[in-house]
Number of protein chains: 4
Amino acid sequence: MNDLHQQLKDDPYLKFLGIEVDAAVDGHAVCSLTIAEHMLNFLGAVHGGLIFSLADAAFSAASNSDWSPSFALDVSGSFLKSVRPGDRITADAVRINTTKRTGLYRMNVRHNEDLIATFNGTVFRKV
Amino acid sequence: MNDLHQQLKDDPYLKFLGIEVDAAVDGHAVCSLTIAEHMLNFLGAVHGGLIFSLADAAFSAASNSDWSPSFALDVSGSFLKSVRPGDRITADAVRINTTKRTGLYRMNVRHNEDLIATFNGTVFRKV
Amino acid sequence: MNDLHQQLKDDPYLKFLGIEVDAAVDGHAVCSLTIAEHMLNFLGAVHGGLIFSLADAAFSAASNSDWSPSFALDVSGSFLKSVRPGDRITADAVRINTTKRTGLYRMNVRHNEDLIATFNGTVFRKV
Amino acid sequence: MNDLHQQLKDDPYLKFLGIEVDAAVDGHAVCSLTIAEHMLNFLGAVHGGLIFSLADAAFSAASNSDWSPSFALDVSGSFLKSVRPGDRITADAVRINTTKRTGLYRMNVRHNEDLIATFNGTVFRKV
């Protein structure tokens, strides 16, 4: 286990949400989470903020595996399908492009084979 | 207190994160949160997923005050400034446009007078 | 050549810009364009609006091959690399997801093997 | 008329499209355009790429009034209302935030009082 992986294991917000970092190396990362009742919104659907938080965890792990520290600048994405308590969902992040000071990553959130949400994110790489 | 406000008060994910809904009426909403240590990431910065979750809470409250149920379709935004544990941050959501079946809202997250992040979100309004 | 392909061949804005529609079928489309001097901005770079217009042409062709009429609701994307006059660039659009009333497509703009820009777009499908 | 304004007056793509730069100073810009028949798509609607090009002209003018050269990194936005040939539309760009190396701007496209489209854009400021 590399240093980044250990740091991510101790990430306070990921521990709070129950997010596990399955991989984080060379501009690529995978994070996963089991949906619980306290992640639902008042309509009984999983909160978009929770889905985004999982994608953002993979985004941060992938971009910091390339260059640390990297900080999110812009994000965008779409919510496609719903999930339910008990479902195990996974976000993978892949590097699309990097420049000296910026990086673009794409995050896909899946439940089994279904695409639940997809996001793009750009980081600024601090010197 | 209207029904929507009561439903939002009982929203499981908002309770879990400690988000308070200060207003939710006529396409406008305000939510707030005090940053705690467990909301930080491994770099010591507040997790982007937490900032987005606050904005998304205001987005959901505003759009469901217009038309319920409304579900997030697309989101985009930018992270501008950092905040620290103990800071009280606020997200307000305002309606930009609605059609019969869609609605566009803009969310600004602020700490005092500073703009921390800004997001746009489009909902689909279920019949 | 199907009806859509003929309609796209007669699209006034595509003719004005010199965009050719190479394919438009089953939620997928390819459009191409040769960069000319009048597509540059005052910094000597190709105008982002021109790059987006090519991607948007593929977006429109792909989404209308699935369901016509479809209209763009939300778009987002990133500019990655520069191109020069004389370069032939290509945008392909692929369907990511559709619902009864919406569709998500991803557009990649390339010059040879280089990724120049990438966009996501959501359409609303008119009944 | 400052140097930037003169440079924008000579911008090849803006001349090609018929876009006029009405103001470009201190992180703010206004551009306008009269819709012509050759800006329509095959559905008879104004092409999204044209609407975006007008917004992008204002984005570029505003960001380069702050710091030149500045180049677009990420964009996102929504199309809200349709316009017709003969309509005069205007895009204004305003600075939302700048850092040493990046800037966020918001562009609104209007026909009279109607909001036609709204975009956010982030630039990278070259040293």
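Predicted model: local features only at pLDDT ≥ 70, side-chain atom pairs only at ≥ 80, totals over all residues.
1. Relation of chains A and B.

2. Make-up of the contact between chains A and B. Here 34 residues of chain A are in contact with 34 residues of chain B. On the side of chain A that touches chain B, at least two residues each are supplied by helix 1 (3-9), helix 2 (12-17), helix 3 (48-66) and strand 3 of chain A. Strand 3 of chain A has the largest share of that side, with nine residues. By residue type, the side of chain A that touches chain B divides into 18 nonpolar, 11 polar and five charged residues.

3. Strand pairing across the contact of chains A and B. Strand 3 of chain A pairs with strand 3 (residues 70-79) of chain B in the antiparallel sense, over five bridges. For a reader who wishes to locate this pairing in the model, Ser78(A) has Asp74(B), in strand 3 of chain B, as its bridge partner.

4. Relation of chains A and C. Chain A can also be laid on chain C with an RMSD of 0.0 Å, by a turn of 180° and a shift of 0.0 Å along the axis. With 100% of the interface residues of chain A being interface residues in chain C as well, the copies meet through the same surface.

5. Make-up of the contact between chains A and C. This contact takes 10 residues from chain A and 10 residues from chain C. The elements giving two or more residues to the side of chain A that touches chain C are strand 3 (70-79), strand 4 (88-98) and strand 6 (114-125) of chain A, and strand 6 of chain A gives the most to that side, with four residues. The residues of the side of chain A that touches chain C comprise four nonpolar, six polar and no charged.

6. The largest nonpolar core. This core has 168 residues, and those with the most contacts inside it are Leu54(A), Ala58(A), Leu54(D) and Ala58(D). Leaving aside residues up to four places away in sequence, Leu54(A) touches Ile19(A), Cys31(A), Leu33(A), Ile89(A), Ala91(A) and Val109(A).

7. Helix 3 of chain D. Helix 3 (residues 48-66) of chain D has 19 residues and reaches 27 Å from its first C-alpha to its last, which is close to the 27 Å expected at 1.5 Å a residue. Because 18 of the 19 residues of helix 3 of chain D are buried, this helix is largely enclosed by the rest of the structure.

8. Leu17(D) and its surroundings. Leu17(D) belongs to helix 2 (residues 12-17) of chain D, and this residue is buried, with 24 other C-beta atoms within 10 Å. Leu17(D) touches Leu33(D) and Ser53(D), when residues up to four places away in sequence are not counted. Although Leu17(D) and Leu50(D) are 33 residues apart along the chain, their C-alpha atoms are separated by 8.3 Å.

Note on methods: Residues numbered from 1 in each chain as written. Chains lettered and ligands numbered in written order. Core = buried A, V, L, I, M, F, W, Y, C linked by C-beta atoms within 7 Å. Buried ≥ 20, exposed ≤ 12 C-beta atoms within 10 Å, placed from the backbone. Contact = placed C-beta atoms within 7 Å. Nonpolar A, V, L, I, M, F, W, Y, C, P; charged D, E, K, R; others polar. Expected span 1.5 Å × (residues − 1). Pairing = 2+ DSSP bridges. Least-squares fit on C-alpha atoms with pLDDT ≥ 70 in both.
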